[in-house]
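This briefing sets out selected features of the structure shown below.

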Amino acid sequence: MHEEEDQTSAVDVSIAFFICVTVLLVFVKFNVAPEQPDRQVPSLGEAADIVESVPSTWSALSKRGGFAILYENNLTLLNLNGIATELADDALLSEDANYATFSPGTGSSPREFQLRLAFSPANLPESWVREIIVIGAPLDPALGAVPCSWDVSQRSLLTVWIVPSDQEPDVNALMQLAGKCNLSLRPQIIRAVSDSGRSGWALALNADSYTAKKMFR
Amino acid sequence: MMLRGVILAFLVSAPSIAAAQCKQAEAQEADKSEISIKTEWVRVGLQWIKTTSSQTVVDKKRIICQQKQGCSETQIKFGDTALMRQSVDLEPWPEAVRRKLAAANISDDAGQVYDFLQAAATNPELEASQVVAIELIAATFALQLNDQNTASEFLAKMKAKATPVPDPLAADMKFLEALLSVHGRKAWTKEDDRLFGEALALDPDYFSARVYRLLSWLQTYGRTAVVTNCSASVAEFSKRLLDVSEASACPLMVGHVDHVLQRELQSKPFDADLTPLKTWQIFGIGLMAKVTNNEPVFSRVTSHLAGGDASLPCLSQITSELASLSE
């Protein structure tokens with residue numbers, strides 16, 4: 001009699017155990033499914049110290065862009081060829097006021113890199129400057145209506161680092177210039193100039209530059 | 001004891017409810033032109049929804065799956081070269097090569113770019129497949145600089161050498177070849193379409209190849225005024241479109257792709273009267289709207305197509321496909 005009771009209770013316990021597991025599994029299995037997948041919404045206000053050397057949009061062939069520094073209404077277009085030569089010759093500028101450091105990528109693509117530029121906006125080195133355009137200044141009619149003297153076709157995308165200063169840059173004038181010269185502007189605001197008087201920004205390219213989060217925003 | 005057996009059997013079967021796959025169903029892949037009345041059950045959370053695909057060829061199951069997938073990351077890669085897509089891993093790269101390529105990447109003087117690339121490619125530490133990879137980068141850079149002739153020269157050189165390379169690199173080569181072949185031409189040929197298809201077959205995770213396969217369908221077949229087999233055309237077009245949205249069924253991504261298509265085709269689908277090309281474009285917008293759950297755009301698409309001339313190719317099939325998606 002006792003033995004039979006024991007057997008029944010053993011069966012009961014095991015059935016109860018299996019039911020518990022089943023209930024758990026059913027809930028785990030079915031509760032996970034209807035939840036919406038987490039949507040990563042990149043914030044447009046995200047602050048970043050690195051800018052991709054490719055535009056943040058998808059195209060089969062990425063567009064090459066130019067880079068410029070806006071400081072007190074002086075828009076300095078960087079001489080990328082000059083910087084590239086210094087980089088290729090392993091002779092990057094290294095001065096107190098301005099310097100550049102290069103870190104090669106570590107990923108599968110040899111094109112990956114990070115180039116950090118530290119510059120004194122009021123005292124840029126000659127080898128980095130292609131052209132200085134004073135924005136907002138009345139245009140000289142003799143020069144034509146538009147100061148688009150650089151080769152716009154090759155650099156229709158322009159990343160502009162806006163450096164804070166006592167004299168607020170005239171962003172409207174910058175937009176007008178972009179409109180006249182048919183430029184796509186990518187303004188990046190540099191938060192502060194350090195005590196040394198330098199600002200810095202890194203120009204980078206890696207496999208991460210091509211993720212959906214970076215491109216479709 | 002029996003009860004235990006039943007519970008055990010249930011336990012074994014419960015986890016085998018397979019997660020939904022957003023890939024094209026195998027059977028449909030085998031025969032795209034087949035029209036049959038099929039009843040399929042699709043699980044959405046706790047509910048099983050019955051879908052009947054009577055005389056429609058668009059893969060509804062895939063659309064529902066993509067709706068659920070939303071903006072989540074997939075295995076499809078957006079990089080412009082196989083190396084950037086991380087689809088292939090070659091020998092380690094010497095720092096000198098990386099330095100030259102970074103310089104080539106930022107410079108905007110074509111001559112200087114080619115000098116840097118030349119210096120990188122002649123590095124004695126490189127394997128043959130690495131040299132091909134650099135030549136592919138060179139061809140890509142040449143196209144970025146709008147220098148088609150140099151890009152063709154690089155490709156011709158690579159083809160002549162015939163170095164065996166991994167499939168994703170071969171996919172890049174085919175894709176660039178196809179891009180060069182269609183450059184500046186408005187009418188694309190079946191040969192171009194085949195090249196894009198081959199590129200995609202070599203690297204199925206190559207997003208650009210997926211987009212260009214959709215574009216090449218529109219460029220090659222989309223302007224045809226008379227279509228004899230509408231169900232085959234609708235099936236092929238919708239398959240290529242869902243291949244694109246599979247990458248990320250996200251409103252922003254879909255918007256980018258739509259923008260690229262409109263620019264490449266030089267056709268704003270909602271402007272002026274419907275043409276065969278615009279009909280297909282709007283059908284595509286409708287499918288993308290469905291995938292991203294954008295009902296306002298979807299209803300705009302259906303109402304715009306409702307006013308179309310009945311002589312437009314496949315219009316009736318397209319409208320019935322869209323109507324069946326609203327059920």
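What percentage of the 327 residues in chain B do buried residues make up? Buried residues account for 55% of them, where buried means under 20% relative accessible area, exposed over 50% and partly exposed in between, with a 1.4 Å probe and protein chains only.

This is a predicted model, in which local features need pLDDT of at least 70 and side-chain atom pairs count only at pLDDT 80 or more, while totals for chains, interfaces and linings use all residues. Residues are numbered from 1 along each chain as its sequence is written, chains are lettered from A and ligands numbered from 1 in the order in which they are written, and side-chain values use heavy atoms, with hydrogens and water left out.

**Make-up of chain B**

- Chain B holds 15 helices and two strands; helices (H or I, at least four residues) and strands (E, at least two) are DSSP runs, numbered from the N terminus.
- Of the contacts in chain B between residues at least 6 apart in sequence, 68% join residues at least 24 apart, a contact being heavy atoms within 4.5 Å.
- A187(B) sits in the loop between α8 and α9 (190-202) of chain B and is exposed, its relative accessible area being 53%.
- From A187(B) to P296(B) the separation is 109 residues in sequence and 33 Å in space, C-alpha to C-alpha.

**Interface of chain B and chain A**

- Chain B contributes 60 residues to the contact and chain A contributes 58 residues.
- The two chains bury about 5500 Å² between them, with 64% of it on carbon and sulfur atoms; buried area is the accessible area (1.4 Å probe) that two parts lose on being put together, summed over both.
- Two salt bridges are counted between chain B and chain A, a salt bridge being a side-chain nitrogen of Lys or Arg within 4 Å of a carboxyl oxygen of Asp or Glu.
- R99(B) and D90(A) form a salt bridge through their side chains, at 3.3 Å from N to O.
- Elements giving two or more residues to the side of chain B that touches chain A include α1 (2-13), α6 (128-144) and α12 (251-265) of chain B.
- The most is given by α4(B), with ten residues.
- By class, this side of chain B has 34 nonpolar, 14 polar and twelve charged residues; Ala, Val, Leu, Ile, Met, Phe, Trp, Tyr, Cys and Pro count as nonpolar, Asp, Glu, Lys and Arg as charged, and the others, Gly among them, as polar.

**Salt bridges**

- Over all chains, the whole structure has 20 salt bridges.
- D243(B) and R62(B) are joined by a salt bridge at 2.7 Å, N to O; D243(B) lies in helix α11 (residues 230-245) and R62(B) in helix α3 of chain B, so the pair ties together parts that are 181 residues apart in sequence.
- Both D243(B) and R62(B) are buried, and they belong to a network of salt bridges that also links R210(B), K239(B) and E246(B).
- A further salt bridge joins R85(B) and D172(B) at 2.9 Å, N to O; R85(B) lies in the loop between α3 and α4 and D172(B) in helix α8 of chain B, so this pair ties together parts 87 residues apart in sequence.
- R85(B) is buried at a relative accessible area of 1%, and D172(B) is buried at 4% relative accessibility.
- R194(B) and E198(B) meet in a salt bridge at 2.1 Å, N to O; they are separated by about one helical turn because they stand four residues apart in helix α9 of chain B.
- R194(B) is partly exposed at 38% relative accessible area, as is E198(B) at 25%.

- β5(A) pairs with strand β4 (residues 99-104) of chain A in the antiparallel sense over six bridges, two strands being paired if DSSP finds at least two bridges between them.
- Y99(A) has A118(A) in β5(A) as its bridge partner.
- β5(A) also runs antiparallel to strand β9 (residues 199-205) of chain A, joined to it by seven bridges, and L115(A) stands opposite L203(A) in β9(A).
- S120(A) lies in the loop between β5 (113-119) and β6 (129-134) of chain A and counts as buried at 11% relative accessibility.
- A polar atom of the S120(A) side chain lies 2.8 Å from the backbone oxygen of A97(A).
- Neighbours within four places in sequence aside, S120(A) is in contact with A97(A), N98(A), G197(A) and R198(A).

Note on methods:
Polar contact = N/O pair within 3.5 Å; in protein donor to acceptor, adjacent residues only side chain to side chain.
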